[in-house]
Amino acid sequence: MSPPKPLQRAAVLVRENGGYVLDIQEIAVPEPKPWEVLVSLSASGVCGTDVSLASGHLGPCRAILGHEGVGRIAAVGAGVDPSTAKIGDRVGVSWVRDVCGKCSFCRVPGGETRCVEQLNSGRRRDGTFAEYCCVPGRYLLVLPGSLDVADELVAPILCGGVTAYKALKSCDAVAGEWVAIFGAGGGVGGLGIQYARAMGFRVIAIDVGRDRKEECLAPAFDVVAPFGTVVCVGILPLHQTMSLYPLKFIDMGIKLIGSLVGTWTDTLEALGFVQRGVVKPAVWVIALDELPDAPVERVCLS
Ligand SMILES: [Zn+2]
Ligand SMILES: [Zn+2]
């Protein structure tokens, strides 16, 4: 792998006139700290959360968004364990960029995605809408050499895909049972339909809006089965709430839980479905320079 350049192009968030634009700028390639690796990015998905962050709906964010990045390690900090990362390794750069390993969430197996000290791509660290980014060597998703999936198909699994897969894993349904996917016409929902079918569930797809009607299979209004599980996945604006009837949950033994992206193990499992050809992300590949003018749904940068 050639050594990193001094300058890189990045899509930089610029707020103006009450809205925002992404502006392609030439900026310095970040210098990896001793505990970091520098990743030369080759693809990045565009997630709905990027749009929410850019719009200011989720609080402060960085100028460089993006958290579905795929690339190769271009430089390794002096303090990184050489057994964990080496130049040329293919890695994924996701929403959870680093965790503390010590908090009450991190101490629970699989709990690190809720780490209270976590750093997030695009929120507390520059994201992947760029040619390079730095990632801590201690929390790194090195993609196995056996993973024969193109970068642009890996990218959407790193957030949207694993979010859908982990939510389905968490709902306690078994093959042959029904799952209802609300928001099925969106990116996560669409992947959720594919994962649910591949996992052997029967699927009810639900969404709203005329433009999304064709993407759904059936309308449903009250679909939670006895002892069923409601899994909250979609991120609403901070001020938005939803109402429910506690008695129904009591009478029917319904559980209400939240699911948040997935661990590296979940991510590799989710990528396995793509490798086996039973989940096929629908991506539209464009160049980084085209991002500012592109409709954001189903975009994957290259
Ligand atoms: Zn995301
Ligand atoms: Zn933690």
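My entries follow, starting with the ground rules.

**Ground rules.** I am working with a predicted model, where local features need pLDDT of at least 70 and side-chain atom pairs count only at pLDDT 80 or more, while totals for chains, interfaces and linings use all residues. Residues are numbered from 1 along each chain as its sequence is written, chains are lettered from A and ligands numbered from 1 in the order in which they are written, and side-chain values use heavy atoms, with hydrogens and water left out.

**Entry: domains.** I looked up the domain assignment, and it gives domain 1 (7-158 + 261-301) and domain 2 (162-258); such bounds come from an automatic or database assignment. Taken over C-alpha atoms, the two centres are 26 Å apart. Domain 1 puts 24 residues into the contact and domain 2 puts in 18, with contact meaning heavy atoms within 4.5 Å.

**Entry: zinc.** Which residues hold the zinc ion (ligand 1)? I find Cys47 (SG), His67 (NE2) and Cys159 (SG) as its protein donors, 2.0 to 2.2 Å away. Donors here are N, O and S atoms within 2.8 Å of the metal (3.2 Å for Na, K and Ca), and water is not among the atoms, so sites may look incomplete. The spacing in sequence reads C-x19-H-x91-C. His67 is in the loop between helix H1 (48-54) and strand E4 (69-76), and Cys159 is in the loop between helix H2 (151-154) and helix H3 (160-170), so this pair, 92 residues apart, links distant parts of the chain. For the element names, I note that helices (H or I, at least four residues) and strands (E, at least two) are DSSP runs, numbered from the N terminus. Both His67 and Cys159 are buried, which means under 20% relative accessible area; exposed is over 50% and partly exposed in between (1.4 Å probe, protein chains only).

**Entry: helix H3.** I checked how covered H3 is: 9 of its 11 residues are buried. Among them are Gly160, Val162, Tyr165 and Lys166. The buried residues of H3 pack against strand E10 (178-182), helix H4 (187-198), strand E12 (229-232) and H7. After H3 comes Asp172, with a positive phi near 70°.

Entry: Asn17, in the loop between strand E1 (7-16) and strand E2 (19-28), has a positive phi near 50°. Is Asn17 buried or exposed? At 79% relative accessibility it counts as exposed. Val261 has a positive phi near 35° and lies in the loop between strand E13 (255-258) and helix H7 (264-275). Val261 counts as buried, at 9%.

**Entry: a cavity.** I get 3 cavities of 30 Å³ or more. On a 1 Å grid over the protein atoms alone, a cavity is a set of points where a 1.4 Å probe fits but cannot get out, a pocket is an open set with protein on both sides within 12 Å along at least five of seven lines, and lining residues have an atom within 4 Å of a point. The second largest cavity has a volume of about 50 Å³. Val261 turns up again in its lining, as do Val162 and Leu158, among others.

Entry: Of its 20 lining residues, Pro30, Arg97, Arg125, Asp126 and Cys134 are the closest to its centre. Strand E8 (132-136) and strand E6 (96-98) each give two or more residues to the lining, and E8 has the largest share, with 4.

Note on methods:
Points joined across faces, edges and corners; volume = space filled by probe spheres on them.
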